[in-house]
Amino acid sequence: MPIAMLFSSSGPLDKNTGRICDFWPVNWQSFKSLWIDRLSNRYSKDEASGIIRFICEEVNGNRLSLELLSGSAHLPTVLIDASLPHLEAVQNGKPVQYSLGYTYFDNMKLETGEAVLIPRPETEELVELCREYAMDPKY
């Protein structure tokens, strides 16, 4: 089966039962490589890799296990199904923060939408500098 067929929204079928499987017959490395290629027109390989992992960990609710990341285990169907809409949105130019509906800033989780500017890392650094300045007894 071509790898592109593994990532349709209908899910993989078990060859023996004809039912949708709980795991996609693809590992993390194959999944990541496919999406790095799909995002290559917008992001460097390292940026794309970080975006893919961030999305998968966010929809998974926690960090991906070493078993999945090692490349030996098949990805759970629920993880792929939850990740695909966000990866496709990013592929089409939508910022990750808008697709997920939130971003992190200064240890807070903030809701985002297309009418909201996404806080930049430089802004977070500025907030930290202001906090340090405000806490300094010399000032």
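Helices here are DSSP runs of H or I with at least four residues, strands are E runs of at least two, and both are numbered from the N terminus. With that in hand, the chain reads along its sequence as β-α-α-α-β-α-α-β-β-α, a pattern of six helices and four strands. The model is a predicted one, so local features need pLDDT of at least 70 and side-chain atom pairs count only at pLDDT 80 or more, while totals for chains, interfaces and linings use all residues. Residues are numbered from 1 along each chain as its sequence is written, and side-chain values use heavy atoms, with hydrogens and water left out.

Let us start with how much of the chain is covered. A residue is called buried under 20% relative accessible area, exposed over 50%, and partly exposed in between, using a 1.4 Å probe and protein chains only. Of the 139 residues, 33% count as buried. Glycine 61 is an example from the other end of the scale: with a relative accessible area of 63%, glycine 61 is exposed. You will find glycine 61 in the loop between helix 2 and helix 3 (66–69). Its C-alpha atom is separated by 9.9 Å from that of leucine 79, which is 18 residues away along the chain.

Next come the charged contacts. A salt bridge is a side-chain nitrogen of Lys or Arg within 4 Å of a carboxyl oxygen of Asp or Glu, and the count by this rule is five. One of them joins arginine 53 to glutamate 57, with the closest N and O atoms 3.0 Å apart. Both residues sit in helix 2 (residues 45–60), and their spacing of four residues is about one turn of the helix. Arginine 53 is partly exposed because its relative accessibility is 28%, whereas glutamate 57, at 13%, counts as buried.

As for accessibility, arginine 131 is partly exposed at 35%, glutamate 128 is partly exposed at 32%, and aspartate 106 is buried at 18%.

Now for the rings. Rings of Phe, Tyr and Trp (its six-membered ring) pair if their centres lie within 6.5 Å; planes under 30 degrees apart count as stacked, over 60 as edge-to-face and the rest as tilted. This rule gives two aromatic pairs. In one, the centres of tryptophan 28 and phenylalanine 31 are 6.2 Å apart and the planes are at 40 degrees, so the pair is tilted. Both residues lie in helix 1 (residues 28–39), three residues apart, or about one turn, and both are buried. In the other, the rings of tyrosine 102 and tyrosine 104 have centres 5.8 Å apart and planes at 80 degrees, so this pair is edge-to-face. Tyrosine 102 is buried, with a relative accessible area of 14%, while tyrosine 104 is partly exposed at 40%.

Rings can also have charges over them. A charge sits over a ring if NZ of Lys or CZ of Arg is within 6 Å of the ring centre and within 35 degrees of the ring normal. Lysine 109 lies over the face of tyrosine 102, at 4.0 Å from the ring centre. Likewise, arginine 38 lies over the face of tryptophan 35, at 4.7 Å from the ring centre.

Finally, look for the largest pocket. On a 1 Å grid over the protein atoms alone, a pocket is an open set of points where a 1.4 Å probe fits, with protein on both sides within 12 Å along at least five of seven lines; lining residues have an atom within 4 Å of a point. The largest pocket is lined by 15 residues, and those nearest its centre are Gln97, Thr103, Ile118, Pro119 and Pro121. Strand 3 gives the most to this lining, with four residues.
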